[in-house]
Amino acid sequence: EDDFQFLLCEQCQQESPNLKLLTCLHTLCRSCLRKNKPTGQCPMCQMANPQGSGIPNMDNLLFTNLQAKLKVYKKIVDGGDLFCDNCKKAGEFWCSSCKEFLCTNCFEVHQRYLKRESHEAKRVVDIRAGSAKDYLEGTRKTSDLSCSNPTHKSQTVSLYCNKCEKALCCICALLDSQHGSFCDIRRETQRRQEELGTMVQELKQKRSVFEATYLMLQDAAARLEQAQGEMREVIQERVQQLVQLIRQEEEEMLVLVETRQEQGRRELARELQHMEGVLQRMEASERLVKNMSLYATEQEVMDMQPFIKKSLEDLKQLQPAAARDQTQPGDFAECRARLQAL
Ligand SMILES: [Zn+2]
Ligand SMILES: [Zn+2]
Ligand SMILES: [Zn+2]
Ligand SMILES: [Zn+2]
Ligand SMILES: [Zn+2]
Ligand SMILES: [Zn+2]
């Protein structure tokens, strides 16, 4: 049974009485086609459907007919009761051209009238003994061609008109003068099969070209992937280096700021201390001079005044230092330059 997996819809793998053949030669069931309608392309190969979003009008007759034939085969093999489609007696024969079961009597009639039209009714027991493949092989031999003239449906078709590319019965060939250049219909079907075979053979060469190109593209895609990966690594590595460099710079600059700050703090502290000393000396001199004027004897004035005067003169010489050094603490020129350079 697995031999006939190919009869299923190629998309959903379900059996369907309505298999359609797309122009890409994929076979899909009606429900898959309906589901796929919005995209307007084959879900297997993405080829655009030339019928737009509609459902193609080419039935896969081969698959549909094979499915029907297999159904009959199963019915025969399953061993249930079979009945003559004419008289409801036990069915002993199956004619795949009439698509009917026949009892022994009806079979004899059938043989008398239809045998010459190449109907080949088979014994049910023989079908049951053979494989499904044998059965399908057998039904293939029975001609199911019908004349292209609809009033000749029951006529045996044996000719092919090259002029209008149609299958014909002998009556058409004899009576209808529009036809000409006949050949045997079997020769024509054979020729058509061979034509397809040759075309597929030629396509095989093209296929190997496509396969080679496919491999090349795959290779190109892989190489692109690799190049991208490598570039990504280079970028990451370089950025990491730069980040490390900048962190180092940061550390050095912070150290620089720290030492600068420490230095400034020390200098200012010294300055402040100096100022405090000066102020205390001034206060002391004011106090001493005031007490001199209040309580000193003349002798004491004569003895001490020159010494005090000298000290006051020293004090007078002093200039406040803060005014001239205002710019000192904000001087981070080196840091600024290094930041600029980053
Ligand atoms: Zn399907
Ligand atoms: Zn397709
Ligand atoms: Zn028949
Ligand atoms: Zn019968
Ligand atoms: Zn005809
Ligand atoms: Zn013709």
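User: Where is the place of glutamate 165?

Analyst: Glutamate 165 sits in the loop between E6 and E7. Helices (H or I, at least four residues) and strands (E, at least two) are DSSP runs, numbered from the N terminus. Some ground rules come next. This is a predicted model, where local features need pLDDT of at least 70, side-chain atom pairs count only at pLDDT 80 or more, and totals for chains, interfaces and linings use all residues. Residues are numbered from 1 along each chain as its sequence is written, chains are lettered from A and ligands numbered from 1 in the order in which they are written, and side-chain values use heavy atoms, with hydrogens and water left out.

User: Is glutamate 165 buried or exposed?

Analyst: Take the cut-offs: buried means under 20% relative accessible area, exposed over 50%, and partly exposed in between (1.4 Å probe, protein chains only). Glutamate 165 has 56%, so it is exposed. Its phi is near 55°, a positive value in a residue other than glycine. Serine 181 also has a positive phi, about 55°, and is not a glycine. Serine 181 lies in the loop between H6 and E8. At 49%, serine 181 is partly exposed.

User: Which residues coordinate the zinc ion (ligand 6)?

Analyst: Look for donors: N, O and S atoms within 2.8 Å of the metal (3.2 Å for Na, K and Ca). Water is not among the atoms, so sites may look incomplete. Here the donors are Cys161 (SG), Cys164 (SG) and His179 (ND1), at 1.9 to 2.1 Å. Their spacing in sequence is C-x2-C-x14-H. Cysteine 164 lies in the loop between strand E6 (157-161) and strand E7 (166-169), and histidine 179 in the loop between helix H6 (170-175) and strand E8 (182-184), so the pair ties together parts 15 residues apart in sequence. Cysteine 164 is partly exposed at 31%. Histidine 179 is buried at 12%.

User: What is the arrangement of the four donor atoms around the zinc ion (ligand 4)?

Analyst: Check the angles. Four donors count as tetrahedral if all angles lie between 85 and 135 degrees. Around this zinc ion (ligand 4) they run from 100 to 122°, so the arrangement is tetrahedral. The protein donors are Cys84 (SG), Cys87 (SG), Cys103 (SG) and Cys106 (SG), 2.2 to 2.3 Å from the ion. In sequence they follow C-x2-C-x15-C-x2-C. Cysteine 87 is in the loop between helix H2 (61-77) and strand E3 (93-95), while cysteine 103 is in the loop between strand E4 (100-102) and helix H3 (104-114), so this pair ties together parts 16 residues apart in sequence. Cysteine 87 is partly exposed at 33%, whereas cysteine 103 is buried at 4%.

User: How many aromatic pairs are there?

Analyst: A pair of aromatic rings is described by the distance of the centres and the angle of the planes. Rings of Phe, Tyr and Trp (its six-membered ring) pair if their centres lie within 6.5 Å; planes under 30 degrees apart count as stacked, over 60 as edge-to-face and the rest as tilted. The count comes to five aromatic pairs. Phenylalanine 93 and phenylalanine 107 have ring centres 3.6 Å apart and planes at 0°, so they are stacked. The pair links distant parts of the chain, with phenylalanine 93 in strand E3 and phenylalanine 107 in helix H3, 14 residues apart. Phenylalanine 93 is buried at 6%. Phenylalanine 107 is buried at 15%. Ring pairs also link Phe4, Phe6 and Phe63 into a cluster.

Technical notes. Four donors count as tetrahedral if all angles lie between 85 and 135 degrees; four count as square planar and six as octahedral if opposite donors are over 155 degrees apart and all others between 65 and 115; anything else is irregular.
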